[in-house]
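User: Hi! Could you walk me through this structure?

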Amino acid sequence: MGVPPNDGKMEGWLYIIRSHRFGLQFSRRRYFILQENYLRCYKTTSISQEEEPLRSAKIDSYIRITDNGRESINRKVFFIFTLYNTLNENDHLKLGASGSEDAGKWIRSLQNAVLKECPNPEKEFMSFSKKNWLPSRFGNAKRAHRQRSIDYYSFLHNEAVTSDVIAPSPWKIFGCQNGLRLFKEAKDWDSRGKHWDAHPAIMAVGVVNGTPEAIFRTLMSLGASRSDFYRGNVVEHLDGHTDILHAKLYSNWLPWGMMRRDFLLRRYWRREEDGTYVILYHSVIHKKCPPQNGYVRACLKSGGYVITPVNKGRESLVKHMLAVDWKFWKVYLRQPYARSLTIRMLERLAALREMFRAKAGNYPSDFSSADSEVKIMLDQATVEDIKSEDITQQKLELDADLEDDEAEKTNSGRRSLMSLNDASDEFFDVPDSGEVIAFDHLENGWFPEVSQEWPASSMSQPRLSSAAVFVKKIHDLAVQKKGYMDFQELAKEENVVPSFGNTLQKDSACSLPCSWATSDPTTFLIRGENYLKDNQKIKAKGTLMQMVGADWLRSEHREDDLGSRAESIVQKYAAQGRPEFFFIVNIQVPGVTQYTLALYYMLKTPLEETPLLHSFVNGDDAFRNSRFKLIPYISKGSWIVKQSVGKKACLVGQALEMHHFRGKNYLELDIDVGSSTVARGVVSLVLGYLNHLVIEMAFVIQGNTEEELPEVLLGTCRLNNLDASKSVLV
């Protein structure tokens, strides 16, 4: 348990995570003290002034802290974070806390220590070479420490974790049930929220008498506390924030006569600075867990929990959202009964509330057993339809199994199709049912009946053999999800040198897919003139720079320093001797294929007229990392993507690795999204929905003194329905 900072001091028990010669991890429990920008560890808590620490780390502006999430080491769960020396990639310290709250407190304290040690931005810009590197910061305590960094910040204030975007809510309330408020997601044109989709997004909201961490642990558990309506297991652990789950719903929870359902889900979680937990789920396909006999593989299009602390953290406001395709075969069963099943599943939030109320001693916890026996009552005609559906489906499954056995004997090439997937990314998203036919239907050899959901044009396509359909759908699904991972299947293009800054088309009307425009600055909130006194943010009124171009590229390696390319818009202006200054934000998405999104902004006035920007451009990397902020906003897209991205300003350099390139007439910031497990999880999710998203961003240099306030946006952008297949090959 960590003790909160007192006079700049943070202390408590942590675990040092190491690996032995065979590569297996182990932990060592040590007592850590963070004080005066030094992190020291001891064997015990009884520390005398003369006692030398076992290890000591200098925390200055060249230290980066990353949240590695949740890991199990020797059957004990730790919440891991790592300290990296950005001047020496081999110099790092991996630590674990027993709880996510403790890990969050340590991460915040360490990040504050880093920010307080930022060098003076007014000193002459320089790049640190290897001869200037400090000795290892994570070495023996007796190693000499050189005081190089000076205290620049006179005031450091943690921003309240609220939205930094002004946006209307798409949620419309439609009822209350079991003490929960029920909302549905309305379309832009459905202002009254009366229209119901085939697979509507529904949210239940309630207050639970428990801390966010306790509720988070309960929801993440697959043990007895979560076995009231399903049993689950982890198929694959991807990283500390992401894993693949297989959940089988208990048959007594489903309506009588309905065939059993299961889900294969990708689960992602993160913790916000204010103690809010976000847990997100969506369906995937994974070769280690194919559809199983006796089960219909339902599709969770979007879902999850948002757990926010209220009443000083003693209680939690819990939002539970689901959009489920239950895979009813007959069209007329889909909407009303699928909706009732989804609402029934959301009501587990009421059971969670009662469980925590019982734990608090308010009354005995006899609700679960009684609740689990309640069944959804359907009329006799519907029951007969469901039974008919299941009998037909079972017969088709049996026929498909026989066909598969026959095909296995005659066609050995089919098995090798899955081996074309990259071993490091064995799963991909299930697309919307309106786009392609569901994969598990193809596996079972049957197709849904023709309905209004399927355009006539798609039904008039020439029919392919079952093997050809299988191959085509495998290819289509892989392309939709993997995007940046498996685009080797695309036809080879001639490698033409692009005109950097013009590879993504501009469309001010935002009507063309795969285009860019500028966002309305008043959508974003920034620090006001009196922020240091009243902590209030104001609407941005404009931008300091003009957006003049964008690139959407793909290549086999990182594309750094685009501003220096002779074919770039930057160098064309420089060749003409023009005075304009360019600011480039280069967002790099790693993978087998590297994707690059570069945004170009132009300043027409002299740098000296904007002191903070001048300090940023001519400062060192540590200063830039401590000041550059990104405000993200998904204005159109799935709920799960909106929750994963959020609407809160982020100091990019404290979360991700950034490289800076300074030229005569430009500054370029190259942001490595792959340097954080949290960011990798978010980007992986976003790429799966990329074609259906409108992404808006704003960039700002954080103001920390009265002279630097109010803040001014550097620039904004709006990216409309980006398509990975339309990126330009470099």
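Predicted model: local features only at pLDDT ≥ 70, side-chain atom pairs only at ≥ 80, totals over all residues.

User: Great. How many aromatic pairs are there in the whole structure?

Analyst: The search finds 14. Rings of Phe, Tyr and Trp (its six-membered ring) pair if their centres lie within 6.5 Å; planes under 30 degrees apart are stacked, over 60 edge-to-face, and the rest tilted. F79 and W269 make an edge-to-face pair, with 6.0 Å between centres and 85° between planes.

User: Which parts does that pair tie together?

Analyst: F79 lies in strand 7 (residues 76-85) and W269 in strand 14 (residues 261-271), so the pair links parts 190 residues apart in sequence. Strands (E, at least two residues) and helices (H or I, at least four) are DSSP runs, numbered from the N terminus.

User: Are F79 and W269 buried or exposed?

Analyst: F79 and W269 are both buried. Buried means under 20% relative accessible area, exposed over 50%, and partly exposed in between (1.4 Å probe, protein chains only).

User: What about F583 and F628?

Analyst: F583 and F628 form a tilted pair, 6.0 Å centre to centre with 50° between the planes. F583 is in strand 25 (residues 581-589) and F628 in strand 27 (residues 628-636), so this pair joins parts 45 residues apart in sequence. F583 counts as buried at 1% relative accessibility, and F628 is buried at 0%. Together with Y601, F616 and F699, these two form one aromatic cluster.

User: Switching topic: how many residues of helix 1 are buried?

Analyst: Twelve of its 17 residues are buried, so helix 1 is largely enclosed by the rest of the structure. Among the buried ones are W106, I107 and L110.

User: And the sheet: in what order do the six strands come?

Analyst: The order is 29-30-25-26-24-33, in an open sheet with mixed pairing. Strands 29 (657-662) and 33 (728-729) are the edges, each pairing on one side only. Two strands pair if DSSP finds at least two bridges between them; strand 29 and strand 30 (residues 666-672) are antiparallel over six bridges.

User: Which residue stands opposite E668 in strand 30?

Analyst: That would be F661.

How values were computed: Residues numbered from 1 in each chain as written. Heavy atoms only, no water.
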